[in-house]
Amino acid sequence: MKQTEYIGVGEISKFKEILDYTKSKKIFLVTGKKSYATSGAQKYFEGINKYAEVFHFDDFASLPKYEDILKGIETYKDFNPDLVVAVGGGSVIDVAKSVNILASQNKTADKYVTGEEKIAHSGKPLVAIPTTAGTGSEATHFAVVYKDGTKYSLASELMLPTFSIVDPTLSFSVPRKTAIACALDALSQSIESFWSTKATDESRGYARQALKSILKNIIPAIEDKNYTAMETLAIGAHLAGKAINISKTTACHAFSYGLTYRFGVPHGIAVAVFLANVYRYNSDINATKSIFKELDAIMGYSDSKKAADALENLIKRLGVAKLSSFGVKASDIISLVSEVNIERLANNPRAISKEDVINFYTGAL
């Protein structure tokens, strides 16, 4: 599927064009709670009910949990919308993508979440509008779903949002901690996408652009609240999403999900705490030398050790805490290792043993 993109300051105003183009009369609006108001999106959408009937769904937790998605499916089917609109961070957009696609299948939702059945039918047209500079969910054809404490990746080409509106102004009011987590998620996505075994020339093109934009603008965007930097960071995050839509993520993401679900570590932080060490690990074999030669150069360094050290220093500068500050103990590592996402780990360019995984968690405590 191809996606129609609206990217830039003020582009949220183009939503009316989408409404006219799709001739939609009933909108299933999925949003976060606080972010919907603070981003400024609520003020814009208050006038939409002049043109269409709107059902507002925000009855779900901060993580995309299966039980909340079932609630969404029930209300979606009762309302029977023409158009689905997601306004929020990655979890909000993931919930909207999951509800929209699962409500349109013939069998029970759990069979598709666990992979027992393949998605066969498209949902209604979906408009994804991120309110954070990160996650990239508006640009991907998959969504995270947590079921019974296990992370699943619901995936189908039919899940790619029909439209994305990346209006950087919606991310300007994001709290500092959230901005850091989202920016680091996008940074990790761009780097992981570049070295992924599933990378292509196209995905590396997106990842290259994303990484350059993010590295140059992450500090002025977060520390100085520089509007130009925040605009560029939001666009870079979107490009990182387009990159992983092709290549998928690798080890850093594979290690992160249990930390987020069990200990409440923000996703971007749970990924970034591994980034420098995984960078060192992956660069230390002959098979990846050419990839890392270019990756090091994009980051502005002559070798991988300097590039990894720079990543470590950046993460420290942004005040990212060790996992122990979230209550993770050495005694938790074995159970966390058992929860590593094998699908994402398989995309890593260097094989990782169980002992290696234990070492990565230990290094992040």
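**Entry 1: helix 4.** A reminder to myself before I start: this is a predicted model. I looked up helix 4 and found that it covers residues 66-79, 14 residues in total. From its first C-alpha to its last it reaches 20 Å, which is close to the 20 Å expected at 1.5 Å a residue.

Next I asked which residues of helix 4 are buried. My list reads Tyr66, Asp68, Ile69, Gly72, Ile73, Tyr76 and Phe79. Why do they sit on the same side of helix 4? They cover an arc of only 150° around the axis, so they end up on the same side. I also wrote down the background rule: an α-helix has 3.6 residues a turn, so residues three or four places apart point the same way.

Then I checked the face turned away from the buried side of helix 4, and there I found the exposed residues Glu74 and Asp78.

What do the buried residues of helix 4 pack against? I noted strand 2 (26-31), strand 3 (53-57), strand 4 (83-88) and strand 6 (142-147), plus helix 5 (90-102) and helix 6 (109-113).

**Entry 2: helix 7 and helix 10.** For a pair of packed helices, I need the angle between their axes and the distance between the axes. Helix 7 is residues 176-195 and helix 10 is residues 251-263; their axes come within 9 Å and cross at roughly 140°. Angles over 145 degrees would count as roughly antiparallel, but this pair crosses at roughly 140°, and helix 7 and helix 10 are therefore oblique to each other.

Who makes the contact? On helix 7 I found Asp185, Ser188, Gln189 and Glu192, and on helix 10 Ala251, Cys252 and His253. Sorted by type, the contact has 2 nonpolar, 3 polar and 2 charged residues.

**Entry 3: positive phi.** Most residues other than glycine have a negative phi, and I went looking for exceptions.

- Asparagine 80 follows helix 4, and its phi is positive, near 55°.
- Aspartate 148 is not a glycine, yet its phi is positive at about 55°. I found aspartate 148 in the loop between strand 6 and strand 7 (150-155).
- Lysine 225 is not a glycine either, and its phi is also positive, about 55°. Lysine 225 belongs to the loop between helix 8 (201-223) and helix 9 (227-247).

Lysine 225 has 38%, so it goes down as partly exposed.

Key. Residues are numbered from 1 along each chain as its sequence is written. This is a predicted model: local features need pLDDT of at least 70, side-chain atom pairs count only at pLDDT 80 or more; totals for chains, interfaces and linings use all residues. Side-chain values use heavy atoms; hydrogens and water are left out. Helices (H or I, at least four residues) and strands (E, at least two) are DSSP runs, numbered from the N terminus. The expected span of a helix is 1.5 Å times one less than its number of residues. Buried means under 20% relative accessible area, exposed over 50%, partly exposed in between (1.4 Å probe, protein chains only). The arc is that of the directions from the helix axis to the C-beta atoms. Contact means heavy atoms within 4.5 Å. Axes are lines fitted to C-alpha atoms, for helices over the stretch in contact, and angles run from 0 to 180 degrees between N-to-C directions. Angles under 35 degrees count as roughly parallel, over 145 as roughly antiparallel, 65 to 115 as roughly perpendicular and the rest as oblique. Ala, Val, Leu, Ile, Met, Phe, Trp, Tyr, Cys and Pro count as nonpolar, Asp, Glu, Lys and Arg as charged, and the others, Gly among them, as polar.
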